[in-house]
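Trainee: Please take one part, the interface, and go through it closely. What is in contact there, and how are the two sides related?

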Protein chains: 2
Amino acid sequence: MNAYPPTVIKLIQEFEKMPGIGQKTAERLACYILKQPVEEAMQFAYAVRDVKKLIKTCSVCFNVSESDPCHICCGTNRDSSTICVVEQIVDLLIVEKMGEYHGLYHVLQGHISPLEGITPESLTIEKLLQRVKADHVKEVILATNLNMEGDATALYIHKQLFPLKVRITRLARGLPTGSYLEYANTAIIAEAVSGRNEMKC
Amino acid sequence: MNAYPPTVIKLIQEFEKMPGIGQKTAERLACYILKQPVEEAMQFAYAVRDVKKLIKTCSVCFNVSESDPCHICCGTNRDSSTICVVEQIVDLLIVEKMGEYHGLYHVLQGHISPLEGITPESLTIEKLLQRVKADHVKEVILATNLNMEGDATALYIHKQLFPLKVRITRLARGLPTGSYLEYANTAIIAEAVSGRNEMKC
């Protein structure tokens with residue numbers, strides 16, 4: 001690393017902190033910034049600054065937006081009787097991109113994980129319960145990840161919501177469209193078999 | 001992309017411009033910036049700004065540095081009779097990291113490529129010739145890439161340097177250490193055979 005001037009070393013270290021960016025990629029990205037015209041590099045720096053300056057967390061659903069409540073919570077064409085519960089913002093964006101869901105969201109800001117010290121209290125579950133109680137919600141879709149932490153979180157929320165007599169659903173489990181049985185593991189196959197549906201022509 | 005607020009879309013687009021960063025990775029990196037504490041994200045933005053503000057191009061060898069001439073050209077423990085010619089800054093850094101080369105460098109800022117409209121005049125070859133003429137250089141190591149453009153560039157520079165009666169060398173060609181013949185292509189094997197050396201025990 002001694003070959004780099006200190007400012008470049010600093011930039012490489014900043015890139016290395018990012019998820020999925022190793023030392024080689026960080027160096028390549030820093031060299032890209034070095035080669036870029038000043039205006040373009042500064043546009044990038046400003047984009048980072050603007051995101052931190054202008055983006056707020058929605059006080060209703062914990063989505064990110066330039067306004068509070070966010071553009072989804074304020075949307076006049078959204079079905080406010082359905083809430084889709086996701087672990088993090090990136091999950092919300094993926095569901096939203098699908099374009100077929102028109103309800104509201106609730107971002108938990110993580111999943112229950114006692115090993116990592118993440119308790120239900122450190123998530124936004126209490127706020128979700130308040131919303132369901134106050135806002136005439138008819139259905140809560142638990143769209144947490146389909147792994148151990150996601151399932152545990154969904155189970156916990158289900159237990160809390162159950163007395164409120166609201167419809168509680170979970171994302172469908174099975175084999176993803178386009179997949180081959182050959183490459184699926186037995187746990188996935190077992191779930192796909194036990195959850196099998198009547199075939200309609 | 002409509003699910004993202006405009007400032008986040010802008011940041012994703014900035015990340016997408018970088019080499020090797022596709023849409024998915026750009027979104028992941030933007031979400032990482034979203035999640036980061038303000039101070040840390042701003043440190044990253046400042047690192048980009050500082051690189052563009054403080055880093056200069058060395059007027060002697062075209063390396064990047066916080067001073068001009070650069071820290072290598074000014075280094076008192078460098079052998080100024082040898083110049084290693086590389087295509088770009090990242091190549092200089094790789095040679096420098098090896099730690100066994102103590103001469104000076106010359107960054108060409110590209111390679112000759114008529115198809116891309118890159119002529120010898122758009123590189124820093126003229127400046128290299130001036131350095132060799134003026135600075136009592138004994139050896140020029142042509143460390144351009146070992147592909148068609150790199151070879152063509154090395155050949156052109158060799159032709160220009162030849163009348164100056166300086167030693168002109170090229171990086172060794174062959175099979176890389178740790179490689180298997182099984183996975184090398186015939187062109188590489190042919191070069192390794194034709195360039196074979198006496199084995200010393």
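Mentor: Domain bounds come from an automatic or database domain assignment. Chain A is divided on that basis into domain 1 (6-54) and domain 2 (64-198), and the C-alpha centres of these two domains of chain A lie 34 Å apart. The model is predicted, so local features need pLDDT of at least 70 and side-chain atom pairs count only at pLDDT 80 or more, while totals for chains, interfaces and linings use all residues. Residues are numbered from 1 along each chain as its sequence is written, chains are lettered from A and ligands numbered from 1 in the order in which they are written, and side-chain values use heavy atoms, with hydrogens and water left out.

Now the interface. Chain A brings 53 residues to the contact (heavy atoms within 4.5 Å) and chain B brings 53 residues. Between them, chain A and chain B bury about 4800 Å², and 73% of that is on carbon and sulfur atoms; buried area is the accessible area (1.4 Å probe) that two parts lose on being put together, summed over both.

Across the interface of chain A and chain B there are 2 salt bridges (a side-chain nitrogen of Lys or Arg within 4 Å of a carboxyl oxygen of Asp or Glu). A salt bridge is formed by the side chains of A:Glu27 and B:Lys97, at 2.8 Å from N to O. Over all chains, the structure holds 18 salt bridges. A:Glu27 lies in helix 2 of chain A and B:Lys97 in helix 4 (residues 89-98) of chain B, so this pair joins two chains. Helices (H or I, at least four residues) and strands (E, at least two) are DSSP runs, numbered from the N terminus.

On the side of chain A that touches chain B, at least two residues each come from helix 1 (6-16), helix 2 (23-35), helix 3 (38-54), strand 2 (64-65) and helix 4 (89-98) of chain A. Helix 3 of chain A gives the most to this side, with 14 residues. By class, this side of chain A has 31 nonpolar, 8 polar and 14 charged residues; Ala, Val, Leu, Ile, Met, Phe, Trp, Tyr, Cys and Pro count as nonpolar, Asp, Glu, Lys and Arg as charged, and the others, Gly among them, as polar.
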